Amino acid sequence: MALLEGKKAVILGAASKDNMGQVTARKFAAEGAEVMVAGRNEDVLKELAEELGGHYVICDITKRADNQAMAKEAAEKMGRVDAAVNCTGWGLLKSMEEITEEELDQIVDLQFKGVHHFLQAFIEQMMAQDPQGGSLISLSSATTKAHINNHAAYIGTKTGSEALIRCVANDYGQYGIKANTVSPAFTSSPMTEGAFATPGLVDAFLPRYPMGRLNTSEDVANACAWLCSDEAYVTGENIQPNGGLRIRGNPQAFDIERTVGAAMAKMQQES
């Protein structure tokens, strides 16, 4: 039997072509789940829902009413919600001196308040259904454990979301609700093509991964699927499907500058 056979799942943050949310939605569908995808881009969501034979709903995670409506519509269309995965995020890369108050408000709304809205909506749904329970996941980042420069607002809000997950696991486990964090690192995906095009950038990161490659969106989707299955007796944890990055830690700014600089110099010599 497929890992998620008969499960009803919501994947939020699947509104960009082939992003981590879309890869996760495809994995859940392949493992037998009925899937509702959510986000802010209706055309992309509709196309994915048709591909998966599932459903879609428009949702801005920063708005409490959107999250409540998403959970309600998911239950109405699928009968119940067994799993809800939040794949949203904003990789804001700015120093403490540079970040504006507007940017700080935006990232807090997205990566802390929004996660609270998301969890609240699905906790209420999972407690109301019969039988009670389900699995909640919010994607965080390996950077909360393996810090990188100029990422304070991102790391701070992601760390806060991890605390919310632990609180949900502690408070609602008695109702059959599991809550876990999944933390990718620098991910090889269509969304990072621009960064990967920078000469020497990957070379700065690759030696930090004991297993010898960067993690992929598929690695993350596989972890989420297992956590939402009946096989995972796991809650309150931060799963790191990133090939062991935490052991060695992320490169720092001077490491990246040195590696990128050497690659650029080599290119100039060869041209």
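## K27 and its partner

K27 is partly exposed, with a relative accessible area of 23% (buried means under 20%, exposed over 50% and partly exposed in between, using a 1.4 Å probe and protein chains only). Its salt-bridge partner is E31, and the closest N and O atoms of the two are 3.0 Å apart. A salt bridge here is a side-chain nitrogen of Lys or Arg within 4 Å of a carboxyl oxygen of Asp or Glu. E31 counts as buried, at 18% relative accessibility.

A word on the source: this is a predicted model, in which local features need pLDDT of at least 70 and side-chain atom pairs count only at pLDDT 80 or more, while totals for chains, interfaces and linings use all residues. Residues are numbered from 1 along each chain as its sequence is written, and side-chain values use heavy atoms, with hydrogens and water left out.

## Other salt bridges

Side chains of opposite charge can pair when their charged atoms come close. The whole structure holds 14 salt bridges. One of them joins R26 and E51 at 2.8 Å, N to O. This pair links distant parts of the chain, 25 residues apart: R26 sits in helix α1 (residues 20–30) and E51 in helix α2 (residues 42–52). R26 is partly exposed at 25% relative accessible area, and E51 is partly exposed at 46%.

R80 and D82 form another salt bridge, with their closest N and O atoms 2.7 Å apart. Both of these residues are buried. Salt bridges with shared partners also tie D18, R26 and E51 into one network.

## The chain as a whole

You will find 10 helices and seven strands in the chain; these are DSSP runs, with helices (H or I) of at least four residues and strands (E) of at least two, numbered from the N terminus. Along the principal axes, the C-alpha atoms fill a box of roughly 65 × 40 × 35 Å.

Buried residues make up 51% of the 271 residues. Of the contacts (heavy atoms within 4.5 Å) with a separation of 6 or more, 71% are between residues 24 or more positions apart.
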